[in-house]
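Before any of the computed values are discussed, please look over the sequence and the model shown here.

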2 protein chains.
Amino acid sequence: MLEVKTYPAEVLHEFSIRLLALAGLPAADAELAADVLLAADLRGIDSHGVARLRGYVDALRTGQVNPAPELRVVRETLTTATVDGDNGLGLVVGPRANEMAMDKALDAGSGWVAVRNTNHFGIAGYYVLQALERDLVGWAMTNSSALVAPLFGVGRMLGTNPLAIAFPGHEEPPIVIDFATSAVSFGKIEIARRQGIPIPEGWAIDVRGRPATDPQAVYDGGALLPVGSTRELGGHKGYALAMMVDVLSGVLSGANWGPFAPAFAIEQQPAGSVGDGIGHFFGALRIDGFIDPDEFKRQVDHLVRTFRATPPAPGTGGPLIPGDPEREAEILRRRDGIPLIPPVAADLEALAAETGVPLG
Amino acid sequence: MLEVKTYPAEVLHEFSIRLLALAGLPAADAELAADVLLAADLRGIDSHGVARLRGYVDALRTGQVNPAPELRVVRETLTTATVDGDNGLGLVVGPRANEMAMDKALDAGSGWVAVRNTNHFGIAGYYVLQALERDLVGWAMTNSSALVAPLFGVGRMLGTNPLAIAFPGHEEPPIVIDFATSAVSFGKIEIARRQGIPIPEGWAIDVRGRPATDPQAVYDGGALLPVGSTRELGGHKGYALAMMVDVLSGVLSGANWGPFAPAFAIEQQPAGSVGDGIGHFFGALRIDGFIDPDEFKRQVDHLVRTFRATPPAPGTGGPLIPGDPEREAEILRRRDGIPLIPPVAADLEALAAETGVPLG
């Protein structure tokens, strides 16, 4: 086993900014995109941080993604809008569209922005943390290229379509909900395959729709299952939730949906393209449009403490609050640096050598 | 096994109206509440229809629920509001608050209404079907008395907290998503206990937090599990979703949340009450605030057909579209009548005898 290398957050952030700027992003956009990547690495969502930097840079260099998109509002009301992302990086288009949703909420109580013609936007949690800074309840969703089977179906028809929402506390940290609507992430399948161990039933099916316990079966034409896994355990609920995210992000915006959602950095959209790029959906609600914000935050504190005080199930440390693991990762990683697995570290070192941009 | 009796929809509807009016509801409210109950019975959600009529009537008669609530807007912006339901039936308060959310959406693109001091509101699907009639995307959520354990916790801390949202098609029927955030409904535990059969692992835990396969264990202080069931299968996702519904419905409105949500028709709120009654959360979005509604509906048709055409998993008929089972039940039940299990039929016959209101 190769050693995990650790990098200070600022080093990875600066490196990302310089690489993205070299690839054609305006300075402010490079910084914004690097912020989104860093949020993933800090919060322990390693699959969505600098591990993807090469993919982004390659897509920009080859013109698959537009480095200088001009966002266009294609339809708008006081509290809603659809934005065309001009095939920009989701890491740039997403934050700007989210900002529009937040501005609308500050003006009128709530704001909702659907986005089409965009690409992978990083972690959904980033967007709802931005809303927290303005004392708003933020929502973020995106569709993504298909990896997940519908319940009772064979094949990849839905993305892992994450959903995020956050609520501020007063003395307690916020509740930050951010999860993919598949039973597990593809990353867990990758890890099992690398380690040569079986995966639990309920994670995936093979190419013929049978429950898969060999992770290789997912690579060989299989698919992930939606959360709930089987009909008996509520797989129709995860499937419905993934479809909700797909319709709000993909259909409402005029993007591609379901099996047509293009993979990140793929030059061609799948045959039968039904819209432009992938889609996001952002929302924001003013807390004081419903209740005194101080009262709300005191109740959130009370709720958080009440759930933390629940007796633990055997063999566990008791309930967590959504967002706990990510916040704990961030504290450690800000202090100790961000550990990168050897292939990711090697990839960044290679990028540094290719471009002459130093890594640290 | 006793025979299932079948009643025409109009008979149950008329009976509900007369019973609720006798219990003190103004005529318009009795009809509204009966509509919501009938929607459940027609759509095959038997646990939420006339099976609960006695509970509602008793709660009204004893003054536990206010038969003539005066709804009060306690806070409002152009697109948001909090409504105090004056301890009315959720079947009356819910539709009126939902109407406010829809009116706001028609005015300003989106509308969001949180409700406190209310009671059980029937099926969440009713509300989003109302929105469809106005060409809106409707959202409905409610919290409810605690039955569900948080992941890694022992005890009942969350309601089954349903979430509903619907999207209209053009030639295809709408996508109607409506599900509880627990792995299964309590009704499935009841059925297994009555039949004396074990329940699958993943549905529930016992009083000590161990996986329960004896349905009796749930009655003996156990709890349902959130959808996803275990950490390995994504139980943290169902738990987070249940908490989202709880915060939006309970905390944002100033109602009770989590373990404090009062049971329907319980005279006293649990010790340590943190708000008024239970809470709902309604939302509505104008489709034409984002995209041409005809284009949206054509894409929904395409999506629906695409998912229906997915190859079926072994032993299944292929993927359903959310809302299919309920719509099929409604077609059959409008034609053939609504089947009631013997205890429910007997209960209605007894109500008829007690009140002199004929059942058919």
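What follows is a description in running text, with one table of salt bridges.

This is a predicted model, in which local features need pLDDT of at least 70 and side-chain atom pairs count only at pLDDT 80 or more, while totals for chains, interfaces and linings use all residues. Residues are numbered from 1 along each chain as its sequence is written, chains are lettered from A and ligands numbered from 1 in the order in which they are written, and side-chain values use heavy atoms, with hydrogens and water left out.

**The interface**

The size of an interface is often given as the accessible area lost when the parts come together. Between chain B and chain A the buried area (the accessible area, with a 1.4 Å probe, that two parts lose on being put together, summed over both) is about 7,300 Å², and carbon and sulfur atoms give 74% of it. Of the area that chain B buries against chain A, B:F152, B:K237 and B:F290 supply 11%, more than any other three residues. In terms of contact (heavy atoms within 4.5 Å), 92 residues of chain B meet 92 residues of chain A.

Helix 8 (residues 235-251) of chain B gives the largest share of the side that touches chain A, namely 10 residues; helices (H or I, at least four residues) and strands (E, at least two) are DSSP runs, numbered from the N terminus.

**Strand 3 of chain A**

Strand 3 (residues 80-84) of chain A has 5 of its 5 residues buried, where buried means under 20% relative accessible area, exposed over 50% and partly exposed in between (1.4 Å probe, protein chains only). A:T80, A:T82 and A:D84 point one way from this strand, and A:A81 and A:V83 point the other way. Two strands pair if DSSP finds at least two bridges between them. Strand 2 (residues 72-76) of chain A runs antiparallel to strand 3 and is joined to it by 4 bridges, with A:V83 as the bridge partner of A:V73, and the two strands form a hairpin with 3 residues between them. With strand 4 (residues 110-118) of chain A, strand 3 pairs in the parallel sense over 5 bridges, and there A:R116 is the bridge partner of A:D84.

**Salt bridges**

Over all chains, the structure holds 46 salt bridges. Three of them are listed here.

| Pair | Closest N to O distance |
|---|---|
| A:R305 and A:E172 | 2.7 Å |
| B:R43 and B:E330 | 3.6 Å |

A:R305 lies in helix 9 (residues 293-308) of chain A and A:E172 in the loop between strand 6 (163-167) and strand 7 (175-179), so the pair ties together parts that are 133 residues apart in sequence. A:R305 is partly exposed at 38% relative accessible area, whereas A:E172 is buried at 18%. A:E171, A:E172, A:D301 and A:R305 are linked in a network of salt bridges. In chain B, B:R43 is buried at 10% and B:E330 is buried at 18%, while B:D84 is buried at 8% and B:R72 is partly exposed at 46%.

Terms used:
Salt bridge = Lys/Arg side-chain N within 4 Å of Asp/Glu carboxyl O.
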